[in-house]
Amino acid sequence: MTHTDSVFMGMDLLCQVNSHAHRTEEMAVERLLVRRGQPFSLALQCHTTLPPKHKLAIILHLGKEGEVVVKVLDARAGRDKWWFRQQGAQSEVLLTIHSPADAPVGLYSVTVLLLSPDGHILEKTTPETFYLLFNPWCKADSVYLPDEELLEEYILNENGLLYQGSWDQISSLPWNFGQFEQDVVDICFEILDNSPAALTNPEMDTANRADPVYVSRTITAMVNANDDLGVVSGRWDGKYDDGVPPTRWTGSVPILRRWSEAGAQRVRYGQCWVFSGVACTVLRCLGIPTRPVTNYSSAHDTDGNLNVDYLYDEQLESVSEGRKDMIWNYHCWVESWMDREDLPKGYDGWQALDPTPQERSDGVYCCGPCPVKAVRDGDVGMKYDAAFVFSEVNADLVTWIVYPDGQRSQVSLNQNTVGQNISTKSVYGDYREDITKHYKYPEGSVKEREVYEKAGRRVTQPNGAPGQLELKIKHAQAILGTDFDVIVEVHNVGGEDTPAQLTVTSNAVTYNSLHRGECHRKTASLTVPAQKAHKEVLRLRYDHYGACVSEHNLIRVTALLQVSGQPEVVVQEVNIQLSMPQLHVKVVGDAVVSRKLIAHISFTNPLPITLRGGVFTVEGAGLTAAREIQAPDDIGPGQEVKVKLSFKPTRAGLRKLMVDFDADRIRDVKGIATLIVRNK
């Protein structure tokens, strides 16, 4: 057919109509993004009506090089086939394409062919591209979640909260997931394209992208940069001069863009909440319902014995240094919702996925997807990594005294420390939902003991009868930059006066239990009268802790009590979270798309020392890309600094502007402004 009598003029992807129907309009309306298992339409524009007995055919190509070819059938087909129907409308043909609910997700190109009555190709359209995503609104999709309120949060909400702090002093960090920001969907598929499986066997990898188990496991491996061309490099030693301190990030988008723009070069640096925030962005963007989760007093049990061992010498100095068994103040991962067709019945639903590089799984630093139900029920053999997640929420804390000859003696056992207040953001607002019951049965219940035995954990008892001396540690709310008291109470619940040696230490630690320096140590010999209490006061001065406190602003106070002439040792430990100041953020102007707004940001230095090198970082999905503003000068004790910036919102709706402030001696100061942006 010559050019002059060609039939096709072009193709309209009907992006606006399709994106509204497929709930992708926040991502883009000038590109086609659709969800699998749900029909979408294209308008074929023609110079003339189709010649009689001529047919249309549709061919799809999938994969980086278009290596997977799919023929779209021209008659209604089964659920597992692509098919289309056509409707003539003057000089246009409306093509409605049906995708299977288990089609691989990815970037497809679509070409429409004009076939002669005997099947020869007479003409073809210029290929157009579209993204196919998972569809949690579709019953036949393995990520189907039948609750609109949950989908509103776990797919469509671009803002969230990541929980930090400690089990008895929980704090929340606002996080900008930004899964619908410009180019984020391209970066998410770029991450999949750079996985080792995609680079070695692209055709098999493309086919496997139909399976959310495969895709989510790949993402947890690729969010950390330990084995591959992954996104974020983890660091916990406080040395971040060649990158961005983990506490400075306020969202995932700058991290993803930085990785992509540098040609899949790792972004320095992240810690567990950063890994979980980035993973949540990617999985929500791909269409898998996902929520960030925080486990308090989270065990890292490297030898798999379901114990975390703390070792002290006879002088009650810690000799645990260098051991990898430890309890993190908190640890963040994500849960994604999906069917587990690869497992026996009963393990569908929430799956734990941990992108923080801790231990290898099948030779790679990743963890999950692990059915949360398998963790609760002690089914530690379930794929993937159920034994590791089980120990994170269930391990025992065992304290030992190590003698000069290397022998050691168990002096205490705590079975209730690990796995507390497991938290996620509520779907009903900016407050915490406790999901501990999904991971474990109530402490001390019959069911809990059954699970321990099933998981191969011995149900142990502490050595001997309970002692007559008990320890308690109390403190008022501690504010960074101030001096404060810690009170150690020794209670004698027995009938005799009891002599003992008390050692109290305070150490600056990171949230994952790395020691940054001893702040203070006090030793006292005391005799506690029967049925009475002795109080020892430890005054913690900023002069002691200011120079060594970590960016997580945590002081760990450990009290060890040794009864004179007896092997009994009582150990008590508290983590004191130093309260941080807040930034004040006020936005002035009418919040309307494309209209200029001004944000006024102020910070008052709470420390008794001058702060240098202050920098504000600002970002917000639908408001502004990440920007940095240097503080104009050094900031003296008690001095206020003010900065302002202007921006134009790009999208309507409830929007959050996140602000972070970092300086040489204070980090992770946050502020937030919430605004409702309207269309013009």
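Where is Ala530 found? Ala530 is in the loop between strand S29 (515-528) and strand S30 (533-540). Helices (H or I, at least four residues) and strands (E, at least two) are DSSP runs here, numbered from the N terminus.

Before going on, a word on what you're looking at. This is a predicted model, in which local features need pLDDT of at least 70 and side-chain atom pairs count only at pLDDT 80 or more, while totals for chains, interfaces and linings use all residues. Residues are numbered from 1 along each chain as its sequence is written, and side-chain values use heavy atoms, with hydrogens and water left out.

Ala530 and Gln468 are 62 residues apart in sequence, and their C-alpha atoms are 9.1 Å apart in space.

Now take Asp301, which sits in the loop between strand S15 (290-300) and strand S16 (307-312). Asp301 has a relative accessible area of 4%, so it counts as buried. Along the chain, Asp301 and Pro202 are 99 residues apart, and 36 Å separates their C-alpha atoms.

**What the UniProt record marks**

Which residues does UniProt give as "active site"? The unreviewed entry puts that feature at Cys272, His331 and Asp354. These residues span 83 residues in sequence, yet no two of their C-alpha atoms are more than 9.5 Å apart, so they gather at one spot. His331 belongs to strand S17 (residues 326-338), and its relative accessible area of 0% makes it buried.

The unreviewed UniProt entry also has a "binding site" feature, at Asn394, Asp396, Glu443 and Glu448. They are spread over 55 residues of sequence but cluster in space, with a largest C-alpha distance of 13.6 Å. Asn394 is part of helix H10 (residues 386-394), and it counts as buried because its relative accessibility is 3%. Asp396 has its place in strand S22 (residues 396-402) and is buried too, at a relative accessible area of 0%.

**Charge on the surface**

Where do like charges gather? Lys596, Lys644, Lys648 and Lys680 form a patch of positive charge on the surface. Patches are made of residues with over 30% relative accessible area and no salt bridge, with like charges joined within 9 Å and nonpolar side chains (Val, Leu, Ile, Met, Phe, Trp, Tyr) within 5 Å. A salt bridge, in turn, is a side-chain nitrogen of Lys or Arg within 4 Å of a carboxyl oxygen of Asp or Glu.

Asp348 lies in the loop between S17 and strand S18 (349-353), and it counts as partly exposed, at 43% relative accessibility.

**A helix and some backbone angles**

Helix H7 (residues 253-261) has Val253, Pro254, Ile255, Leu256 and Trp259 buried. Just after H7 comes Gly263, with a positive phi of about 75°.

| Backbone feature | Residue(s) | Angle |
|---|---|---|
| positive phi, not a glycine | Leu14 | phi about 50° |
| positive phi, not a glycine | Arg23 | phi near 55° |
| cis peptide bond | Arg268 to Tyr269 | omega near 5° |
| cis peptide bond | Gly368 to Pro369 | omega near 0° |

Where do these sit? Leu14 is in the loop between strand S1 (8-12) and helix H1 (15-21). Arg23 is in the loop between H1 and strand S2 (33-35), and a relative accessible area of 32% makes Arg23 partly exposed.

Methods. Areas by Shrake-Rupley, 256 points an atom, 1.4 Å probe, with all protein chains shown as cover. Lys, Arg positive; Asp, Glu negative; His and termini not counted. Charge placed at Lys NZ, Arg CZ, Asp CG, Glu CD. UniProt positions renumbered as here; feature names shortened; annotations may be inferred. Buried < 20%, exposed > 50% of the residue type's maximum accessible area, 1.4 Å probe, protein only.
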